[in-house]
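Opened the notebook to look over a two-chain model, one chain at a time and then the contact. These are my notes as I went.

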Amino acid sequence: MSQAARSAPSEPFPVAARAALGDAQTRANLARATTTIRARRAAVVAEVDDWEELRAAGAALRDDALGRLDDVLLELEASVERAGGVVHWARDAAEANAVVVEIVQDAGAAEVVKVKSLTTDEIGLNDALAAAGISPLETDLAELIVQLAGERPSHLLVPAIHKNRVEIRDLFRERLGRPDLTDDPFELAEAARVHLRAAFLRARVAISGANFAVAETGTVGVVESEGNGRMCTTLPEVLVTVMGIEKAIARWRDLEVLLQLLPRSSTGERMNPYTSLWSGVRAGDGPRAFHLVLLDGGRTRALADPEGRPALRCIRCSACLNVCPVYRQTGGHAYHTVYAGPIGAILAPQLAGERGQPGSLPFASSLCGACADVCPVRIDIPRILVHERAKVVGAESQGLEGLALRRLGRVFASRSRYERAQRLARALQRPAVRDGHVRWFAGPLAGWGAERDLPGVPPQTFREWWEARERGA
Amino acid sequence: MRVALFVTCLADTLLPESGKATVTVLERLGVDVDFPREQTCCGQLHLNAGYVEEARTLARRFAEVFHGYDAVVSPSGSCVGHVRTHLAELGADAALPERVWELSQFLTGELGVVDVGSRFAGSVTYHPTCHSLRVLRVGDGPERLLGAVPGLELAPLPAAEECCGFGGTFAVKNAAVSGAMLEEKLANVAASGAGAVCACDASCLLHIGGGLRRRRSPVRSLHLAEILAA
């Protein structure tokens, strides 16, 4: 699962997307869920008079931290260690996984409870733990559903968005040994609660992700809806947080902005039910040991690219997924990455780097711009998509498309070549055109022709009409 | 005022009616329209597909061709959006883009006209194309222009702000997803009950119109200019 998620996609997006389009149930679930969450977001954002100022402040404070991330991270390390925590630096997935496995083994634990697992999915931690004989248990309800089903999350925030209640009931009946369950949401949540409660009380080690880490105070924060995260961050003796280095923010007061932007953008709530903030360890309260694993995993490389860098502002709200017309059709699995949707299409290629470029993802967009309009930290996603496309085109041969577009560039660069091409197209299209429209489509145009007609070059182009008019006048 | 028409390569070559109608509307309002014959393509296709060098060449060329005009008017929100957003950063004339207008913006903003003296019998639904909406922010100008046409009944389009799925090379590279997006758009056009769907972008109309024709739909796809020229 996570292995597939972090390796290079086995199939390019258009192929995976075509398969996803055939799954009517998932598409119906997705359409319903994204429509609901979009309406909720729009309603709570409209309530805030200074929403645009908040977005600008969010973008500015994220840029500020990213612009001097080296200093911010050193300050974070010092603050966490002053508060009794231990900071580990991991260049890549392998280093991060090794650090975590060692901590769990040192604690003598054979199982761990997990929450906020996006970054640990990115590094494939569950596989690394399993390989060391440690069983990881996802405690976020949706993550648990996905884990029990042996699937991958399909949404940053709602990992099981592709599943409906009936599917979840059937899964719980089988995997939790509860044949009595109905599809009543309360009953399903209660079944998960009973299953998880035992694990919380048993677990000696918890592994979390983080929404933010404040350099000035050494405070790590997790924002969630269920309270299971708080169970993880308070009950076990040892807490390990795995965090991408870009999540660091400079000041405590930055939370004022981000904690307003995040819940409204993500779940469409004014405030999320649980915000857990902890700084190191405290005697007699919470975990006795706290480890913060800071993961690079391609982030410093992304940081070095001024055009791609704003993608690192992302606070994982997933508003862009919910408004994306492409994501809405295909769901998250077609992206073959942990980070799906528009943000995934710009983040995954940047983070992947030498692990294999998911080169088809930046093209998985019509550049409609709906994502940029909702981004709480104003990431100009279409601009970065285009930038990432140029990187792909510059790095690998685009075959026939490359030849055609380069040739077309030369045609457009000269009026005489352009006009000649118009006349040539009109002559060459003759056998393929009937009633003014192309009737068979070859090669790369076959996909267009499967669902749409296309007019041929008409007897008179606009410029020919203009010239005839000038002559007549 | 020297006004140039930027017809776009796509409308010139495949949908000339939208260009002709733009000329008709502007001339009816007393605008002296010129068509600089050297024009070809603004380079949006190349930039968006990842071919920056070609886009740079075409941006410079665009700036040279339209250099001397007081205003450049185009029946394409998308191409104007590209010119306004990217021309300067592609190394072309930085002063030109603010004189380049999408047709509805030019009519309602620069000329201050809403009633252009056209007549149209029937119901029309308006699809605000993505780049008109989110790059150019044309706002309600097109709907005000349509609303001022005697005989025209404006039918609301459900989920109007959703992309039709065109996206340039997207419709070719990701044809299946693009087709699924088109399917939703066409269902909403049908739900509007209108006899015609109208937009400010020949490229999106090529897509929507191609989908309608394939399904033998009686609904026509018309550029805003075609309705305003009627």
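Predicted model: local features only at pLDDT ≥ 70, side-chain atom pairs only at ≥ 80, totals over all residues.

**Chain B, burial and overall form.** Of its 230 residues, 63% are buried. I then looked up the secondary structure and got 12 helices and eight strands for chain B. Next I checked the radius of gyration: chain B has 17 Å, and a compact globule with 230 residues would have one near 17 Å, so the two agree. The box around the C-alpha atoms of chain B, taken along the principal axes, is roughly 45 × 45 × 25 Å. I also looked at how far along the sequence the contacts reach. Counting contacts in chain B between residues at least 6 apart in sequence, I noted that 78% join residues at least 24 apart.

**Chain B, the sheet.** Which order do the strands of the open sheet in chain B take? I wrote down 6-5-7-8, four strands with parallel pairing. Strand 6 (152–155) and strand 8 (220–223) of chain B are at the edges; each has a single partner strand, so one side of each has no neighbour in the sheet. On average, neighbouring strands of this sheet are turned by 35° against each other, direction ignored. I zoomed in on one pair: strand 5 (residues 122–126) and strand 6 of chain B run parallel and are joined by four bridges. Here I found Thr125(B) opposite Ala155(B), which sits in strand 6 of chain B. A reminder to myself: strands of a sheet pair through backbone hydrogen bonds, parallel or antiparallel.

**Chain A, overall form.** Then I moved to chain A, where I found 23 helices and 12 strands. The radius of gyration of chain A is 26 Å, close to the 23 Å from the globule rule for 473 residues, so chain A is as compact as a globular protein of that length. The C-alpha box of chain A is roughly 95 × 55 × 45 Å along the principal axes. Buried residues account for 51% of the 473 in chain A. For contacts in chain A between residues at least 6 apart in sequence, 74% join residues at least 24 apart.

**Chain A, strand 2.** Is strand 2 (residues 111–115) of chain A largely enclosed or left open? Four of its five residues are buried, so strand 2 of chain A is largely enclosed by the rest of the structure. Strand 2 of chain A runs parallel to strand 3 (residues 135–138) of chain A, with four bridges between them. In that pair, Val112(A) has Pro136(A) of strand 3 as its bridge partner. Strand 2 of chain A also runs parallel to strand 4 (residues 205–208) of chain A, again through four bridges. There, Lys114(A) is partnered by Ile207(A).

**Chain A, helix 11.** I checked the length of helix 11 (residues 185–202) of chain A: at 1.5 Å a residue its 18 residues should span 26 Å, and the end C-alpha atoms are 26 Å apart, so this agrees. Its buried residues are Leu188(A), Ala192(A) and Leu196(A). They pack against helix 9 (141–149), helix 10 (165–175) and helix 12 (228–234) of chain A.

Notes
Residues numbered from 1 in each chain as written. Chains lettered and ligands numbered in written order. Helix = DSSP H or I, 4+ residues; strand = E, 2+ residues; numbered from the N terminus. Rg over C-alpha atoms; globule rule 2.2 N^0.38 Å. Buried ≥ 20, exposed ≤ 12 C-beta atoms within 10 Å, placed from the backbone. Contact = placed C-beta atoms within 7 Å. Expected span 1.5 Å × (residues − 1). Pairing = 2+ DSSP bridges. Axes fitted to C-alpha atoms, helices over the stretch in contact; angles between N-to-C directions.
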